[in-house]
Amino acid sequence: MISVNTREQPWRDGLNVQALLDEMGYVFRHIIVRVNGEYVPEEAYARRLIADGDDVQVLHLIAGG
Amino acid sequence: MQPGRYLRNMLAISPGEQERLAGCRALLAGCGGLGGFVLEYLGRLGVGNLRAVDPDSFSEGNLNRQLLSSSMNLGRPKALAAVQRMQAVNPLARVEGVQALLTEENAAQLLEGCQVALDCLDSIPARRTLQKACARAGVPLVHGAIGGWLGQVCVVLPGENLLDQVYPDADAEHGEEYEQGALAFTAGMTAAVQAAEAVKLLLGKPGLRGELLVLDLLNGSFERLRLAKG
């Protein structure tokens, strides 16, 4: 299992950030991803693998007032 | 003896706390969707001095969500509307309206005498400028932002630089709100949390620390996410 924000999610071998975002329905263009506290830039989503037990944080980038 | 207008603040706010709030000053950076509601909540509650800063005037596109806007004041400055609104609602809350862009040059002056600042701005660079100025001035900052059905709030104590975690891309100016729009209830809800956190800071009560509160009004969920201090 992995943790995504405050929720537990199933993990599988080979899971990367892009696949996780797709599977969880994160479709907005502006997203901030951290794995175990480390910021993952958008261009690295497809190659950044997620390990079992990782702590993933996904934020929507919003800045409206 | 408290004015009758504050009777229903009791005892959630004690008489002593009410008096303290009357002597406080808050910087309200931005008088748009968030800022209008924050002004309403803090002013009605009895925060005695509010410095409301915004360079803009109202346009038709503001009417869906900005409390201070009306069909009657299109084209008029938002900072002036903040003053007029609180004169009508609660003259005991004195509003200093400043029609200006918050910049590195004027931020320190705008923060002078303030015990708390509220980030109700609409651009990432301006938010960074405010965070930096608050750190220098030793003033806690209550950040709020909205986009579509989503809102977020965090409290940034001087030097924590939590906004660097929320906005890690140094080049970004705007976020999802350009695609998702901005809704009145998202602004009102997010502003309510900001106002509550600001009042808790002013009264020395514990509150949101080191976390981003994310409000998802479409899914009806609130999440508190850890932020690393920088």
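In the predicted model, buried residues account for 26% of the 65 residues of chain A. Chain A holds one helix and five strands. Along the sequence these elements follow the pattern β-β-α-β-β-β. The radius of gyration of chain A is 11 Å, close to the 11 Å that the globule rule gives for 65 residues, so chain A is as compact as a globular protein of that length. Along the principal axes, its C-alpha atoms fill a box of roughly 40 × 25 × 20 Å. Of the contacts in chain A between residues at least 6 apart in sequence, 64% join residues at least 24 apart.

In chain B, 49% of the 230 residues count as buried. The secondary structure of chain B comprises eight helices and eight strands. Its radius of gyration is 16 Å, close to the 17 Å given by the globule rule for 230 residues; chain B is therefore as compact as a globular protein of that length. The C-alpha trace of chain B spans about 50 × 40 × 40 Å along its principal axes. Contacts in chain B between residues at least 6 apart in sequence were also examined, and 68% of them join residues at least 24 apart.

Eight strands of chain B form an open sheet. Their order is β3-β2-β1-β4-β5-β6-β7-β8, and the pairing is mixed. Strands β3 (94-98) and β8 of chain B lie at the edges, each pairing on one side only. Neighbouring strands of the sheet are turned by 15 degrees against each other on average, direction ignored.

The crossing of α2(B) and α3(B) is right-handed. From α2(B), the contact is made by Leu39(B), Gly43(B) and Arg44(B). From α3(B), Ala82(B), Arg85(B), Met86(B) and Val89(B) take part. By class, the contact of α2(B) with α3(B) has four nonpolar, one polar and two charged residues.

The loop between β2 and α3 of chain B contains Gly75(B). Gly75(B) has 8 other C-beta atoms within 10 Å and is exposed. Apart from residues up to four places away in sequence, Gly75(B) touches Ser57(B) and Phe58(B). Ser59(B) is 16 residues from Gly75(B) in sequence, yet the two C-alpha atoms are 6.0 Å apart in space.

The two chains touch each other. Here 28 residues of chain B are in contact with 16 residues of chain A. On the chain B side, the elements that give two or more residues are α2, α5 (124-137), β5 (141-147), β6 (150-156), α7 (177-180) and β8 (221-226).

Technical notes. Residues are numbered from 1 along each chain as its sequence is written. Chains are lettered from A and ligands numbered from 1 in the order in which they are written. This is a predicted model: local features need pLDDT of at least 70, side-chain atom pairs count only at pLDDT 80 or more; totals for chains, interfaces and linings use all residues. A crossing is left-handed if the near helix is turned anticlockwise from the far one by less than a right angle, and right-handed if clockwise. Helices (H or I, at least four residues) and strands (E, at least two) are DSSP runs, numbered from the N terminus. Two residues are in contact if their C-beta atoms, placed from the backbone, lie within 7 Å. Ala, Val, Leu, Ile, Met, Phe, Trp, Tyr, Cys and Pro count as nonpolar, Asp, Glu, Lys and Arg as charged, and the others, Gly among them, as polar. Two strands pair if DSSP finds at least two bridges between them. Axes are lines fitted to C-alpha atoms, for helices over the stretch in contact, and angles run from 0 to 180 degrees between N-to-C directions. The radius of gyration is taken over C-alpha atoms; the globule rule is 2.2 Å times the number of residues to the power 0.38. A residue is buried if 20 or more other C-beta atoms lie within 10 Å of its own, exposed if 12 or fewer, and partly exposed in between; C-beta atoms are placed from the backbone.
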